[in-house]
Amino acid sequence: MSAYRQLVDRFNQISAIRGASAMLGWDAETMMPDGAAGVRGEQMAALAGVAHEKITDIALSDLLEEAKSEQLEGWDAANLREMERSYQHANALPNDLVAALTKATSHCTHVWQAARPKDDFESFAKAFEPVLKLVREASVAKSEALGLDPYDAMLDEYDPGMRSTQIDQYFGELQSFLPDFLNEALEHQGQHRQFKPLAGKTPTAAQEKLGRRFMTALGFDFNHGRIDVSAHPFCGGVPGDVRLTTRYNDDAFSQSLYGVLHETGHAMYELGLPEQWRGQPVGQARGMSMHESQSLFLDMQLCRTDEFLNYALPVVREAFGVSGDTWESENFKRSLLKVERGMIRVDADEVTYPLHVMLRYRLEKALLSGDLLIRDMQAAWNDEMKKSIGVAPEGVGNGCMQDIHWPSGAIGYFPTYTIGAMIAAQLFDTLKTQVPTWADDVQKGDFSSVFVWLRENVHHKASLHSTPELITQATGKPLDVEIFKKHLRDRYLSQ
């Protein structure tokens, strides 16, 4: 057997182990009894250790070197490239650090789940301290091995090839645009787009049924996935067995519905990856910026268009048994496109959403470098919120403890949301030109033409190309902030 074929077998094994760990993580967020947290942490640490040993042993290193001499082309050559990248990232970390970090993050996320609704920062901080210490150790180790700044070394894990200098450029352009634009959008909304709150209750059972109906319409295959409830909506599992979650609010159904649509975007990407490359690095999604582009393509782009809302409103009325003037078309649309200075990122409109992300980007860089201490997180967060969005939370549950990312050790992830939003806008701008039937199709509840285009240009290509190459191939140009800005102007300043 060639060295490359031996590597293929090895990475299939690694993928299976990591997939089992992903399922344990999903269970921990949805169904695991509270008392099992300690046992689960040990299980996940053990699996992480086994996977790490398989990817870092000397035999794999030798196989990589030997495979480089083989005549590989196309997907195989790209797979070998991604194998080496995975090896470099893993080999930077000692096995005991991987196991310790897995155990610490498992414990911290469990503590966070209980502490957040009680605004219990003290308990969270105690659990987060070892997580942050270990993440810093990992960032330094990766920095030395990869020749990157510590933050860039963490960022590269979530968005291969992305660097903070690029993010600073994108975010600098948005920071110079968004504060004034937010004021303009709010003023325009007050003058031209006032709306009445939607009347009536929306029971959880009806919301759940509605979410499943939209998921089915979009093409989600319930034979290869499911949806449950968690403290923080997410998409997990593995390609072929995708697990979504949401949370419900009987007084604000759109929070759950658009959470479902967002996570369905992630799920459709995973389900659309090339089946013949499952288990291989090249068959994985092309980083979290591209992943977030797929969730935000549905959440913020397609599913807030007039075309989608014309289709969706009768379905929503039927699901909740509601009627009246507040549920008329124009009021319904305005309620779903409202702009406000809110405190919660996952519920934010697309004008303020990047401001939420940029705040977290600044703070997590300071946390990683040690410039921001855990005990000062709440004050720093509130100051940044006041400056960026104009509101400040009274407690930590709606403030610096609202997201699961830092408790789970995911420092370097947050920028991918806004990069993803920019990619989503550019993809949709291109799709509208290349798929002339999209509007008529969507108004009828037919999303097949949209997903044919997405699969051809994004999903089926997996990690064959770099993110910049993938964007350029799909849209004909590199990522362009101006397309995102134009989208916001067209949607929020037009009549």
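Four helices each supply at least two residues to the lining of the second largest pocket: helix 12 (306-320), helix 13 (329-336), helix 16 (415-434) and helix 20 (481-492). Helices here are DSSP runs of H or I with at least four residues, numbered from the N terminus. The model is predicted: local features need pLDDT of at least 70, side-chain atom pairs count only at pLDDT 80 or more, and totals for chains, interfaces and linings use all residues. Residues are numbered from 1 along each chain as its sequence is written, and side-chain values use heavy atoms, with hydrogens and water left out.

## Pocket and cavity

A pocket is an open set of points on a 1 Å grid over the protein atoms alone, with protein on both sides within 12 Å along at least five of seven lines; a cavity is a set of points where a 1.4 Å probe fits but cannot get out; lining residues have an atom within 4 Å of a point. Grid points are joined across faces, edges and corners, and a volume is the space filled by probe spheres set on the points.

The second largest pocket has a volume of about 580 Å³. Its lining has 24 residues. Nearest the centre of this pocket lie Thr305, His487, Asp490, Arg491 and Ser494. Helix 20 gives the largest share of the lining, five residues.

The structure also holds four cavities of 30 Å³ or more. The largest cavity has a volume of about 70 Å³. Its lining consists of Leu296, Met300, Gln301, Glu350, Tyr353, Pro354, Ala421, Ala424 and Phe484. Helix 11 (287-301), helix 14 (353-369) and helix 16 each give two or more of these residues. The largest share, three residues, comes from helix 11.

The table sets out both linings by residue class.

## Nonpolar cores

A nonpolar core is a set of buried Ala, Val, Leu, Ile, Met, Phe, Trp, Tyr and Cys residues joined through side-chain atoms within 4.5 Å. Buried means under 20% relative accessible area, exposed over 50%, and partly exposed in between, with a 1.4 Å probe and protein chains only. In soluble globular proteins, nonpolar side chains tend to be buried together.

The largest nonpolar core has 134 residues. Phe214, Phe297, Phe308 and Met377 have the most contacts inside it. Helix 6 (residues 121-146) gives the most to this core, with eleven residues. A second, separate core has 19 residues, including Ala3, Val8, Ala67 and Leu80.

Contact means heavy atoms within 4.5 Å. Leaving aside neighbours within four places in sequence, Met377 is in contact with Phe121, Phe124, Phe128, Leu367, Leu372, Cys400 and Trp406.

## A covered helix

Helix 7 (residues 150-158) is mostly covered, with seven of its nine residues buried. These are Tyr151, Asp152, Ala153, Met154, Leu155, Asp156 and Tyr158. The cover includes helix 4 (74-91), helix 6, helix 8 (164-192), helix 11, helix 14 and helix 16.

## Cysteines

A disulfide is a pair of cysteine sulfur atoms within 2.5 Å. The structure holds zero disulfides. Cys108 is in none; the nearest cysteine sulfur, that of Cys400, is 12 Å away. Cys108 is buried, with a relative accessible area of 0%. The sulfur of Cys303 is 15 Å from the closest cysteine sulfur, in Cys235, which is too far for a bond. Cys303 is buried, with a relative accessible area of 0%.

## Loop residues

Most residues other than glycine have a negative phi. Asp119 has a positive phi of about 55°. Asp119 is in the loop between helix 5 (95-115) and helix 6. With a relative accessible area of 42%, Asp119 is partly exposed.

Ala462 also has a positive phi, near 45°. Ala462 lies in the loop between helix 18 (448-457) and helix 19 (467-475). Ala462 is buried, at 0% relative accessible area.

Pro436 sits in the loop between helix 16 and helix 17 (438-443). Pro436 counts as exposed, at 66% relative accessibility. Pro436 and Ser449 are 13 residues apart in sequence and 9.5 Å apart in space, C-alpha to C-alpha.
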